[in-house]
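Keep the viewer open as you read.

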Amino acid sequence: MKIFILAVGRTSTEYIRKATDDYISRISHYCPVEFRMLADIKNTRGLSEQQQKEREGAMILDCLAPSDRVVLLDECGREFTSREFSTQLQQYMVQGLKRLVFVIGGPYGFSDAVYKRADGKISLSKMTFSHEMVRLFFAEQVYRAMTIMRGEPYHHD
């Protein structure tokens, strides 16, 4: 199974980008992983929030294959402990999926079309984080899940 992390917009803060890249590299030691950033939509001043979500949604949907399992990082999603997330990730792995796609949306969330395509939603916290920080936090949690699955000492209870 390949883990594909798809994020709307670029990471402009250098130290966050470097740290995210570091965790993506660490994950690659356990399973195939790809992290892709979709370009920000240009000229959004004349667009409503709904129009921006729909344009971002179209870009997201263009990246998905029919066989993908799609999980959105969404404030209304299910919250997990690190161990619970590791168990969930392991369950996805044994299902024989070709690609598991985690999507980090734009500033206004997801379009209705993306919600309809999604197979699930998870939340990192009830708190609000910048989209750049979510990328870093999520990459770290995927890495932590892998180490938990392998019984490695990275995670301490």
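Two strands count as paired if DSSP finds at least two bridges between them, and the strands themselves (E, at least two residues), like the helices (H or I, at least four), are DSSP runs numbered from the N terminus. The model is a predicted one, in which local features need pLDDT of at least 70 and side-chain atom pairs count only at pLDDT 80 or more, while totals for chains, interfaces and linings use all residues. Residues are numbered from 1 along each chain as its sequence is written, and side-chain values use heavy atoms, leaving out hydrogens and water.

Let's start with S3. Strand S3 pairs with S4 in the parallel sense over five bridges; here, arginine 69 has leucine 100 of S4 as its bridge partner. Together, S3, H3 and S4 form a right-handed β-α-β unit: with the strands pointing away from the viewer, the path from the first strand over the helix to the second runs clockwise.

Stepping back, the chain holds five helices and five strands, and along the sequence they follow the pattern β-α-β-α-β-α-β-α-β-α. Its radius of gyration, taken over C-alpha atoms, is 15 Å, which agrees with the value near 15 Å for a compact globule of 157 residues (the rule is 2.2 Å times the number of residues to the power 0.38).

Now for the interior. Of the 157 residues, 46% are buried, meaning under 20% relative accessible area with a 1.4 Å probe and protein chains only, where exposed is over 50% and partly exposed lies in between. A nonpolar core is a set of buried Ala, Val, Leu, Ile, Met, Phe, Trp, Tyr and Cys residues joined through side-chain atoms within 4.5 Å. The largest has 29 residues, of which Ile3, Phe85, Leu89, Phe102 and Phe138 touch the most other members. Helix H5 gives this core its largest share, eight residues. Leaving aside neighbours within four places in sequence, phenylalanine 138 is in contact (heavy atoms within 4.5 Å) with Ile5, Leu73, Phe85, Phe102, Ile122 and Leu124. A second, separate core of 14 residues includes Val8, Cys63, Leu72 and Val103.

What about the cysteines? A search of the whole structure finds zero disulfides, that is, pairs of cysteine sulfur atoms within 2.5 Å. For cysteine 31, the nearest cysteine sulfur, that of cysteine 63, is 19 Å away. Cysteine 31 is buried at 6% relative accessible area, whereas cysteine 76 is exposed at 57%.
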